[in-house]
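Here is a short report on one protein chain. Look over the sequence and the model first, then read on.

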Amino acid sequence: MTLAIFGIFGVMTLLGAPIAIALLAGAMGPMLIYGNIPLTVIVQKFYNSINMYALMAIPFFVISGSLLDKGGVSRRLVDLANALVGWLPGGLAVVSFFACAFFGSISGVSSATIVAIGSIMVPAMIRAGYPKSFALTTVASGGWLGIVIPPSTPMVIYGISTGTSIGDMFIAGIIPGFVLAMGMSLYGIVFGFRHLPKPKPFSLKEVFISFKGALLALMMPLIVLGGIYSGVFTPTEAAAVAVLYGFIVGIFIYKELDAKTIYSVFRSAVITSSVVMFIVGGASVFGYLMTRAQVPGQIAAFVLENGDTPRMFMAMTVILFLIVGTFMETAPAILILAPILTPLLPKYGISPVFFGVVFVITMGIGMLTPPVGMNLYVAAGLMNEKVDITINRHLGAYILCAVLVLAVLICFPEIVLLLPNMMR
């Protein structure tokens with residue numbers, strides 16, 4: 001059965017089927033071949049997996065991020081990032097990373113971060129004399145910071161699938177997210193020093209003015225995280241509060257939201273959330289078949305046999321995640337692998353929060369690696385270019401910087417767990 005499950009899934013993936021369809025096909029095929037499991041199980045597992053209160057946080061966070069973006073927040077965040085770091089060599093590249101990090105704190109979706117920040121930064125970089133390939137690759141590399149810095153859709157999915165505190169996951173992603181932004185910015189600074197025009201000088205006045213303009217945007221993650229940790233509301237309720245906050249800021253304060261824009265926000269959120277839910281349901285059915293085929297037990301036995309120390313275990317899992325990330329999106333990878341691997345964490349004394357952050361970061365790096373490389377396609381689409389323009393030496397340098405930062409985080413888990421431990 002194991003061969004049939006992964007064989008059908010692999011063929012469907014290679015044929016270009018959507019990941020949810022490939023997962024369902026990988027589950028239904030063995031059911032039809034072996035006939036020992038009723039097909040009604042598919043419907044039951046699919047429905048039960050998406051009929052969860054906590055999953056309502058996903059559409060709410062998508063809506064809140066879109067409302068703040070369309071309400072003028074992304075432009076103000078770019079202005080703030082430009083004032084803070086735009087004076088560095090390769091300043092606009094550094095601005096792109098920090099603007100993505102700031103926007104990630106209100107969005108939680110990688111593709112939304114690329115579109116919101118890239119639509120502003122890519123034209124600005126090209127006008128300033130930056131190569132188009134460098135500009136698009138930079139935005140693609142910064143976009144996945146949106147799934148590391150809270151609120152994060154993959155962290156919600158990880159928390160639900162493993163029973164880990166979503167609030168702890170959110171707070172643990174803050175420091176790694178900004179460290180990753182700084183790490184990848186180093187290449188932008190080096191490239192800018194060698195090849196790009198001299199940046200503008202630093203202005204404390206501009207920092208103050210831009211911070212004042214972006215303050216309301218920066219308040220949203222504070223409200224969400226503060227409300228969760230103070231016990232005022234759950235993560236799902238926090239997401240709903242974020243939507244209300246986005247309405248208030250966009251309509252009554254920035255005054256850049258109208259009925260047509262609000263309709264497009266909800267339409268986009270329905271599509272995005274439906275895709276995520278479809279993937280969740282398909283991954284649940286696929287995971288059930290893997291359990292019936294005893295795949296989780298086989299993987300666990302292999303890991304326990306070969307992973308003698310916590311660092312050896314982390315090295316093995318990171319390599320696995322990097323390989324999986326080249327052909328599978330983040331949500332199904334988490335739903336399939338997290339329930340298999342997290343039960344092994346107590347044996348190694350590894351925090352599930354730390355493991356979850358590393359998992360999300362590694363899958364984020366996978367968003368930059370072909371053949372799937374979703375971020376590369378989204379970034380190339382900003383300028384109606386083929387994806388080949390984003391596959392270059394700059395991409396390799398950014399991935400290397402991210403992997404080095406990830407290695408540091410694995411060697412020093414205290415960096416990831418600093419804020420969660422302080423909040424206890």
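## Overall fold

The protein chain holds 22 helices and 0 strands. The model is a predicted one.

The C-alpha trace spans about 70 × 45 × 45 Å along its principal axes.

## Burial, surface and contacts

Of the 424 residues, 55% count as buried. The accessible surface of the protein chain comes to about 17700 Å². Carbon and sulfur atoms contribute 70% of that surface.

Consider the contacts in the protein chain with a separation of 6 or more: 79% of them join residues 24 or more positions apart.

## Helix α17

Helix α17 covers residues 330-341 and has 12 residues. From first C-alpha to last, α17 reaches 16 Å. That is close to the 16 Å expected at 1.5 Å a residue.

How much of α17 is covered? The helix is mostly covered, with 11 of its 12 residues buried. Thr330, Ala331, Pro332 and Ala333 are among them. The buried set also includes Ile334, Leu335, Ile336 and Leu337. Ala338, Ile340 and Leu341 are buried as well.

## Ile279 in helix α14

Ile279 sits in helix α14, which runs over residues 259-292. Is Ile279 buried or exposed? Its relative accessibility is 5%, so Ile279 counts as buried; the cut-off for buried is under 20%.

Which residues does Ile279 contact, leaving aside neighbours within four places in sequence? They are Ile19, Ala20, Leu23, Glu329, Ala331, Pro332 and Leu335. Among these contacts, Ala331, Pro332 and Leu335 also belong to the buried residues of α17.

Ile279 and Ala124 are 155 residues apart in sequence, and their C-alpha atoms are 36 Å apart in space.

Phe211, Leu215, Met219 and Leu222 form a nonpolar patch on the surface. Together they have about 360 Å² of accessible area.

Leu222 lies in helix α12, residues 204-229. Leu222 has a relative accessible area of 57%, so it is exposed; exposed means over 50%. An α-helix has 3.6 residues a turn, so residues three or four places apart point the same way.

Notes:
Residues are numbered from 1 along each chain as its sequence is written. This is a predicted model: local features need pLDDT of at least 70, side-chain atom pairs count only at pLDDT 80 or more; totals for chains, interfaces and linings use all residues. Side-chain values use heavy atoms; hydrogens and water are left out. Patches are made of residues with over 30% relative accessible area and no salt bridge: like charges are joined within 9 Å, nonpolar side chains (Val, Leu, Ile, Met, Phe, Trp, Tyr) within 5 Å. Accessible areas come from the Shrake-Rupley method with a 1.4 Å probe; for residues, only the protein chains shown count as cover. A salt bridge is a side-chain nitrogen of Lys or Arg within 4 Å of a carboxyl oxygen of Asp or Glu. Helices (H or I, at least four residues) and strands (E, at least two) are DSSP runs, numbered from the N terminus. Buried means under 20% relative accessible area, exposed over 50%, partly exposed in between (1.4 Å probe, protein chains only). Contact means heavy atoms within 4.5 Å. The expected span of a helix is 1.5 Å times one less than its number of residues.
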